[in-house]
Amino acid sequence: MDGTYSQNDLSHVVEADKAHVWHHLIQHKPFESKDPNIIVEGRGMRVWNQAGKEHLDAVSGGVWTVNVGYGRERIARAVYDQLMRLNYFAGAAGSVPGALFAERLIEKMPGLSRVYYCNSGSEANEKAFKMVRQIAHKRYGGKKNKILFRDRDYHGTTIACLSAGGQDERNAQYGPFTPGFVRVPHCLEYRAADQGAPTEHYGEWAADQIEQVILAEGPDTIGALCLEPVTAGGGVIVPPEGYWQKVQEIVRKYDILLHIDEVVCGVGRTGTWFGYQHYGVEPDFVTMAKGVASGYAAIACCVTNERVFEMFKDDADDPMNYFRDISTFGGCTAGPAAALENLAIIEEENLLENTTAMGDYMLGRLDELAGKHAVIGHTRGKGLFLGAELVADRETRAPAPEKQVQAVVADCMGQGVIIGATNRSVPGYNNTLCFSPALIATKDDIDHIVTAVDGALKRVFG
Ligand code: PMP
């Protein structure tokens, strides 16, 4: 650590935190007898906590966010310069970095044309939901308003996003939910037998399940289908072969708008700019947040094609006929200023290529581990977005108990390596170890992570 804080300063920080901070996603009772972890500094792939302990971060800030790694001076400088020039003006006016980042982003997204700024993944998804609803009112007498979402996908924390949430443990106790969201089955091939699916052509079968739901609900009631390209918190679910092609056919057939939630996959995580670009699909909406500025500033975008945008531009004399929405902090200029530098770093350092190469390497190393540890039932991934599903029995594929999965995560933490696991999302299936190192990861970093997991699996499962 750089010595900015004395041990006294940090002891005070811990006490202040314990007294007043309500941390995300955690039960606080244990903090009555132990200290919370406070991350003080970060450089590259590494962070240091209040005890000065170094950790290799295999989850990019915990939730797939810090794609270009910590301590990027050029992003900090660009944000500083922008804040001194102009920190904020509401988004009904444009801004210099807002215009320039939109232009650079759209270059990476053929077929799409408009960027709507806001400040979290949930909010970006809500913007798309609102656009779909308004289109239903404008074009279809309000009827084509339902939004399909998929089992095990997650789209955010607000009540409407949870209403589109396929992770039952996250949703429990937060109802009642918003009407008009309809669930379709997941597409995790490893769990096909649990769905009673055929062993061949699983991808087409899984896409076909979406069509069945559309037919049951009535195609004239369905406005949009919202999917993660590769499901993140639901267990790192890489879609099966043939799936996306069929999904694209289905949405075209029934005139359903396709909304792809790239909050995790977006901006390089899977080795392409966006996850959907692996599958040749043509979305109407793409939402993104985490990796857009790698967490150097809060920024999220709801990107649409011109077809969607035009629907809000016609009938300009009608005072109701525009997208009547605002995001106060969508007018912050720090976000697009940071995002411009983030994008330039990914290009100049060839991080997409690195992500593909290191992702393949890491998947190979996880497969080696599976050869040693019967508890690894399945490994999967796309780029530097990987999972290892732990099972109590390879034959039956019964999930490993959540407590043991968490013990593996804790053991790695003890070794100074931060990994993740599906966290209280899908009942009975919180059994996948998750890895999402920064896109700058080297073979040495990956070997370090895999060695830690190897040791942890030995200690927890024998
Ligand atoms: N979509 C996906 C796929 C996510 O994983 C998340 C957050 N984990 C969100 C949306 C919500 O993003 P935020 O927390 O920024 O609201």
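In which loop is Leu25 found? Leu25 is found in the loop that runs between helix H1 (7-20) and strand S1 (39-43), where helices (H or I, at least four residues) and strands (E, at least two) are DSSP runs numbered from the N terminus. Although Leu25 is not a glycine, its phi is positive, at about 55°. Residues are numbered from 1 along each chain as its sequence is written. The model is a predicted one, in which local features need pLDDT of at least 70 and side-chain atom pairs count only at pLDDT 80 or more, while totals for chains, interfaces and linings use all residues.

Pro176 lies in the loop between helix H7 (168-171) and strand S6 (181-184).

Domain 1 brings 31 residues to the contact and domain 2 brings 27 residues, two residues being in contact if their C-beta atoms, placed from the backbone, lie within 7 Å. On the side of domain 1 that touches domain 2, at least two residues each are supplied by helix H2 (60-64), helix H12 (351-372), strand S11 (376-381), strand S12 (386-393) and strand S16 (432-435). Of these elements, H12 gives the largest share, five residues. By class, that side of domain 1 consists of 13 nonpolar, 14 polar and four charged residues, where Ala, Val, Leu, Ile, Met, Phe, Trp, Tyr, Cys and Pro count as nonpolar, Asp, Glu, Lys and Arg as charged, and the others, Gly among them, as polar.

H12 also packs against helix H14 (residues 443-461), the two axes coming within 10 Å and crossing at roughly 25°; axes here are lines fitted to C-alpha atoms, for helices over the stretch in contact, and angles run from 0 to 180 degrees between N-to-C directions. H12 and H14 are therefore roughly parallel to each other, a description that applies to angles under 35 degrees. H12 passes H14 in a right-handed crossing, that is, with the near helix turned clockwise from the far one by less than a right angle. From H12 the contact takes Met358, Tyr361, Met362, Arg365, Leu366 and Leu369, and from H14 it takes Lys443, Ile446, Val450, Val453 and Asp454. These residues divide into eight nonpolar, no polar and three charged.

Two further helix pairs can be followed elsewhere in the chain. Helix H8 (residues 202-217) and helix H9 (residues 243-253) pack with their axes 7 Å apart and at an angle of about 25°, and are therefore roughly parallel to each other. Their crossing is right-handed, and the contact is made by Gly203, Glu204, Ala206, Ala207, Ile210, Glu211 and Ile214 of H8 together with Tyr243, Lys246, Val247 and Ile250 of H9. Seven nonpolar, one polar and three charged residues make up this contact of H8 with H9. Helix H3 (residues 73-85) and helix H11 (residues 334-348), by contrast, pack at an angle of about 150°, with their axes 9 Å apart, and cross in a right-handed sense. Among the residues of H3 that meet H11 are Arg74, Ile75 and Gln82, and among their counterparts in H11 are Ala334, Leu340 and Glu341. The contact of H3 with H11 has eight nonpolar, two polar and two charged residues.

Finally, 16 residues surround the ligand, the closest being Ser120, Gly121, Ser122, Gly156 and Val263; a residue counts as near if its C-beta atom, placed from the backbone, lies within 6 Å. Helix H5 (residues 121-140) gives the most to this shell, with three residues, and by class the shell has six nonpolar, eight polar and two charged residues.

Key: Parallel < 35°, antiparallel > 145°, perpendicular 65-115°, else oblique.
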